[in-house]
Amino acid sequence: MKINNNYIASFLLFAEILVGQEVSAQEKTDETLKQLVRSAIEYAPKIKEQQQMVSIGDYRTKVQESALKPQIQSEIGVTRIDPVAKANFGTTNLQFQPNMNYNANIGANYVLYDWGKQNINIEKSKLETELSKTGVEGLKNIYAYQVANLYYGIIYTQKAIEVQKEQLKLVEDNGKIIGDRLKQGDALDYDQVSIQVRYKNAESRLTDLQSQLERQYIYLSSLIGKDAHGVIPNNADFNLGLAALSTEEAFNQAQNSNFDLKTLKDRDLIAEREVKIAKMGSAPYIAANASLGLRNGYLPRINGEIPPISDDFKFGSTVGVKLTIPVYSGNKTAHQTEIARLNREMLKYSAEVTNQNLKRDLEAAQNDYNTAKNKLELSERNVFQAQYALKLANARFKNGVITNVEIEASQTALRESQLTQLQYQYQMSIAQLELNRLTGIKFW
């Protein structure tokens with residue numbers, strides 16, 4: 001009963017692959033996926049680029065905050081003036097200002113009160129930084145689920161390759177039986193050629209699967225920045241390890257964790273500040289200024305004589321307070337306010353569209369999950385029935401009761417039922433991944 005023993009061994013191997021592993025193996029699988037995700041996040045240049053935007057945002061906030069502090073500057077200059085005012089008193093010539101004017105001073109300006117406009121600018125800058133941080137987390141989420149999709153795609157392809165290898169072995173065993181019968185005159189050359197063609201077709205399908213697996217590893221390696229071959233354990237399965245959520249639960253949770261909605265909420269807070277800033281475009285402000293410096297020209301030039309430096313150059317100071325009130329700017333403030341208001345109104349519609357699409361996609365993913373789950377239950381029975389049918393066919397074929405075509409049909413039915421079962425397991429995993437991605441769940 002060589003054929004039957006091989007068949008039973010094949011079935012036990014496939015059953016071990018599909019049914020699952022021990023808890024420790026599952027934990028290893030989960031940790032492998034999490035480590036792959038962490039590697040992709042750490043390597044991704046796009047995430048590093050977005051993180052630079054966060055750093056830039058912090059400095060932009062500091063620039064805005066600097067406006068609340070005194071602005072101090074120094075100035076050194078020389079100015080030649082021609083002509084200058086002169087007066088003659090008899091034989092005396094009096095020049096009130098020198099032609100060459102020298103000036104060196106240090107001055108300060110400080111906004112005493114601007115009705116809170118600058119504070120709103122600072123708030124807006126901080127919110128923009130928070131938006132950049134949300135962008136970073138959103139990118140991490142995208143990379144995580146890209147890796148997870150590849151991870152489960154590789155698991156599916158690996159298991160499909162094992163099924164194809166078992167199919168190839170069954171064809172090979174049939175070929176040996178056909179060869180023995182041909183020698184005994186109980187088979188035709190047609191039977192041998194047919195089994196050879198079938199073997200080549202099985203080899204071709206195996207090559208296609210191996211090529212597909214290699215492409216998946218290439219993509220995964222590009223995401224993590226290193227060779228991914230051999231990283232995924234052979235006993236990995238399709239269990240994501242996350243609690244199942246109903247569509248309503250997922251939708252409610254997504255209101256706080258979905259990154260598209262988070263981004264829109266951050267943008268709405270920024271738009272709110274932009275409306276306030278636009279309204280304050282015509283707001284007055286009070287500023288103080290002061291300066292201390294050294295300049296010449298304090299003494300007049302009498303008959304062209306230049307006074308001694310100690311007399312001509314004097315220290316001077318100025319102190320003042322200024323109230324600036326914008327009067328008219330062609331309705332610029334009103335127009336800018338309306339633009340800011342419309343931008344915020346547009347964000348509200350964007351949030352409605354996003355929620356509408358989110359609910360639709362969640363329902364579609366949940367439907368895909370339920371459909372695959374129901375089909376999986378049917379496929380498990382089909383695998384068992386195909387297994388039993390092939391067992392009977394093997395015994396009948398060995399005794400010469402059925403033809404090669406009939407044994408081929410039984411083997412093909414088992415292979416197709418096994419692959420179908422794998423496909424439904426894979427579809428359930430992908431649907432669950434999509435549900436969690438839309439919800440915004442962090443599994444790593």
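This is a predicted model: local features need pLDDT of at least 70, side-chain atom pairs count only at pLDDT 80 or more; totals for chains, interfaces and linings use all residues.
S3 and S6 belong to an open sheet of three strands, in the order S2-S3-S6, with antiparallel pairing. What stands at the edges of this sheet? Strand S2 (86-89) and strand S6 (301-302) do, and each has a single partner strand, so one side of each is left without a neighbour in the sheet. As for what joins strands in general, the pairing in a sheet goes through backbone hydrogen bonds, either parallel or antiparallel.

Next, head over to the nonpolar residues. The largest nonpolar core has 43 residues, and among those with the most contacts inside it are Leu33, Val147, Tyr151 and Phe443. Which elements give two or more residues to this core? They're helices H2 (23-43), H3 (45-66), H4 (117-184), H5 (189-224) and H10 (404-439). H4 gives the most, with 17 residues. Apart from this core lies another, made of eight residues, including Ala250, Leu362, Ala365 and Leu438.

Finally, have a look at helix H7, which spans residues 259-279 and holds Asp268. Leaving aside neighbours within four places in sequence, Asp268 is in contact with Arg344 and Leu347. With Arg344 there's a polar contact too: the side chains of Asp268 and Arg344 meet at 3.1 Å.

Technical notes:
Residues are numbered from 1 along each chain as its sequence is written. Side-chain values use heavy atoms; hydrogens and water are left out. Helices (H or I, at least four residues) and strands (E, at least two) are DSSP runs, numbered from the N terminus. A polar contact is a pair of N or O atoms within 3.5 Å; within protein, one must be able to donate a hydrogen and the other to accept it, and residues adjacent in sequence count only if both atoms are side-chain atoms. Contact means heavy atoms within 4.5 Å. A nonpolar core is a set of buried Ala, Val, Leu, Ile, Met, Phe, Trp, Tyr and Cys residues joined through side-chain atoms within 4.5 Å. Buried means under 20% relative accessible area, exposed over 50%, partly exposed in between (1.4 Å probe, protein chains only). Two strands pair if DSSP finds at least two bridges between them.
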